[in-house]
Amino acid sequence: MAKVKKVWFCRNCGYESAKWLGRCPSCGEWNAMVEENIVQSPQISSFSGMPSKAQPVPITAIENRDEERIVSGLQEFDRVLGGGLVKGSLVLIGGEPGIGKSTLSLQIPFACSRLKTLYVSGEESARQIKLRGDRVSSALPEAGGPATGANCYILPEILLENILEKAKSLGAELLIIDSIQTIYSQRIDASAGSISQIRECAAALLRFAKESNVPVIIIGHITKEGIIAGPKILEHIVDVVLQFEGDAKNAYRVVRSIKNRFGSTSELAVYRMTDSGLKEVVNPSEMFMPMHEKGLSGIAVAAMIDGTRPFLIEIQSLVSSAAYGMPQRSSTGFDVRRMNMLLAVLEKRVGFKLSQKDVFLNIAGGLKITDPACDLAVVAAILSSNFDLGISEKSAFAAEVGLSGEIRPVSQIERRISEAAKLGFDRIYVSSFCDVAAGLEKKIEIVKLSNIREISKYLLPLHRFEKK
Ligand code: TYD
Ligand code: MG
């Protein structure tokens with residue numbers, strides 16, 4: 001007889017407990033425990049994630065072999081994965097609703113029509129998917145003849161056991177599950193989307209992928225807080241996590257690999273949502289480029305590197321007198337604690353009185369940036385807004401700012417400088433501790449700063465800041 005057990009799970013991290021707890025001891029989240037029934041039947045094998053009849057092998061006897069990869073033909077997608085989909089891998093595509101997860105997944109069988117794909121949808125009808133297919137197919141004729149999606153099979157189904165059986169009988173070479181929150185397994189008595197279901201389904205899909213050597217793509221929704229809904233545990237089970245960033249209202253989308261067992265995690269791909277699906281943006285720097293009038297204050301351009309690519313990105317700031325007692329500090333796309341640190345450095349080391357000011361920061365294009373090389377541009381944008389003096393739109397910044405106000409060098413400075421020069425910038429501010437190859441100065445003026453104090457000397461009184 002199957003035994004029913006009541007278990008409490010943390011909604012945030014998947015921590016399991018026999019009783020309710022106010023605060024999750026694993027991730028520290030308050031009021032996140034939810035109760036679920038679990039049927040423990042004797043047939044449920046414990047999850048191993050590997051073929052069940054494996055034998056121990058000496059490590060020296062294992063052949064060195066590259067993973068077999070399926071190249072989909074969607075170049076940016078293949079690149080983020082590290083050169084294509086690895087056979088037998090489990091890939092999670094996460095993102096907010098409406099960001100383009102279903103669109104990107106459907107583009108794969110259309111781009112690679114020889115790949116027999118089973119697209120399982122628990123959210124949309126076959127007709128709806130067909131309509132989306134018509135839209136994306138018109139955009140993909142480059143990949144060797146018109147894209148027909150001839151080998152793409154649609155299955156509106158939510159029962160996991162049926163899905164796996166159909167995938168086997170069809171002989172699918174790629175399985176896409178849209179989405180993990182809508183499917184359920186008979187083995188567990190809990191509703192679809194609950195933590196125990198997500199965990200069980202993901203584990204079963206992983207077993208299927210490893211045993212059949214078929215890659216499986218699962219789509220997962222993201223909660224408001226930006227974590228993949230359901231437990232973090234999903235991220236631990238899968239081989240690759242690709243996450244969509246950006247605003248669903250904005251046309252640009254960034255797909256970033258945040259975990260990759262078969263490649264680098266510092267890859268990202270940039271897409272633009274068009275009438276006919278997601279289009280790759282080949283030169284992303286241009287997309288984040290300044291699109292403002294000349295001489296506007298509060299704007300500075302950072303030469304950053306994200307993943308393995310240099311970008312020039314516009315940083316916007318607005319500084320105004322605090323209307324209420326407590327000044328507001330808010331930032332989109334940039335860590336607000338880091339912004340506060342930079343404000344404190346400005347106050348302490350340079351004497352700018354910003355404590356009675358509201359400071360807002362925004363990164364253009366909906367990108368989230370973590371590169372410390374953006375510090376100097378953030379500082380410049382804040383100062384520019386504070387004094388209402390525009391920075392020349394042909395100036396870029398690439399340096400980190402330290403706690404004592406020192407301007408520190410950043411990695412790969414030459415690539416940043418070359419990218420700025422290539423895009424027509426005529427001046428770049430870097431740290432005086434940078435070693436820059438000799439030839440670069442011919443292409444662009446390189447201004448070296450050693451302390452944040454010089455920025456006021458350098459930028460404010462001179463023509464570099466053009467008075468509006
Ligand atoms: P979708 O891929 O369904 O998002 P998700 O699966 O992540 O929830 O679609 C995202 C949005 O993109 C949707 O609002 C419609 C729009 N869209 C286009 O603008 N052009 C297109 O060609 C397609 C297919 C969708
Ligand atoms: Mg969808």
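Helices (H or I, at least four residues) and strands (E, at least two) are taken here as DSSP runs, numbered from the N terminus. The structure shown above is a predicted model, in which local features need pLDDT of at least 70 and side-chain atom pairs count only at pLDDT 80 or more, while totals for chains, interfaces and linings use all residues. Residues are numbered from 1 along each chain as its sequence is written, chains are lettered from A and ligands numbered from 1 in the order in which they are written, and side-chain values use heavy atoms, with hydrogens and water left out.

Asp178 and Ser179 are joined by a cis peptide bond, with omega about 0°. Ser179 belongs to the loop between strand E9 (174–178) and helix H5 (195–212). Two further residues stand out for their phi angles. Asn213, although not a glycine, has a positive phi of about 65°, and this residue is found in the loop between H5 and strand E10 (216–221). With a relative accessibility of 38%, Asn213 counts as partly exposed; on this scale, buried means under 20% relative accessible area, exposed over 50%, and partly exposed in between (1.4 Å probe, protein chains only). Gln412 is likewise not a glycine and has a positive phi of about 50°. Its setting is the loop between strand E22 (407–408) and helix H10 (413–422), where Gln412 is partly exposed at a relative accessible area of 39%.

Strand E10 itself contains Val216. This valine is buried, with a relative accessible area of 0%.

Next comes the ligand. Which residues are closest to ligand 1? They are Gly98, Ser102, Thr103, Thr274 and Gly277, within a shell of 15 residues that surround the ligand; a residue is counted as near if one of its heavy atoms lies within 4 Å. By residue class, the shell divides into three nonpolar, seven polar and five charged members. For this division, Ala, Val, Leu, Ile, Met, Phe, Trp, Tyr, Cys and Pro count as nonpolar, Asp, Glu, Lys and Arg as charged, and the others, Gly among them, as polar.

Several N and O atoms of the protein come within reach of the ligand as polar contacts, that is, pairs of N or O atoms within 3.5 Å. A backbone N or O atom of Ile99 is 3.4 Å from an oxygen atom of ligand 1, and a backbone N or O atom of Asp275 is 3.0 Å from an oxygen atom of the ligand. Arg135 takes part through its side chain, where an N or O atom lies 3.1 Å from a nitrogen atom of ligand 1. On its own, ligand 1 has 560 Å² of accessible area, and the protein covers 76% of it; these areas come from the Shrake-Rupley method with a 1.4 Å probe. Helix H2 (101–111), helix H3 (126–137) and strand E13 (268–274) are the elements that give two or more residues to the shell. Of the elements, H2 gives the most, with three residues.

What holds for the aromatic rings? Rings of Phe, Tyr and Trp (its six-membered ring) pair if their centres lie within 6.5 Å, with planes under 30 degrees apart counted as stacked, over 60 as edge-to-face and the rest as tilted. Two aromatic pairs are found by this rule. Phe352 and Phe387 form an edge-to-face pair, 5.1 Å centre to centre with 65° between the planes. Phe352 lies in the loop between helix H8 (336–350) and strand E18 (357–363) and Phe387 in helix H9 (residues 375–387), so this pair ties together parts that are 35 residues apart in sequence. Phe352 is buried at 10% relative accessible area, whereas Phe387 is partly exposed at 32%. The rings of Phe397 and Tyr429 are stacked, because their centres are 4.9 Å apart and their planes at 15°. Here too distant parts of the chain are linked, as Phe397 in strand E20 (residues 395–397) and Tyr429 in strand E23 (residues 427–431) are 32 residues apart. Both Phe397 and Tyr429 are buried.

Finally, the strands. Two strands are said to pair if DSSP finds at least two bridges between them. Strand E15 (residues 299–306) and strand E16 (residues 309–321) run antiparallel and are joined by eight bridges; Val301 has Glu314 in E16 as its bridge partner. E15 and E16 form a hairpin with two residues between them, and Gly307 in the turn has a positive phi of about 65°. E16 also pairs with E18, in the antiparallel sense, over seven bridges. In that pairing, Ser320 has Asp358 in E18 as its bridge partner.

Note on methods
A polar contact is a pair of N or O atoms within 3.5 Å; within protein, one must be able to donate a hydrogen and the other to accept it, and residues adjacent in sequence count only if both atoms are side-chain atoms.
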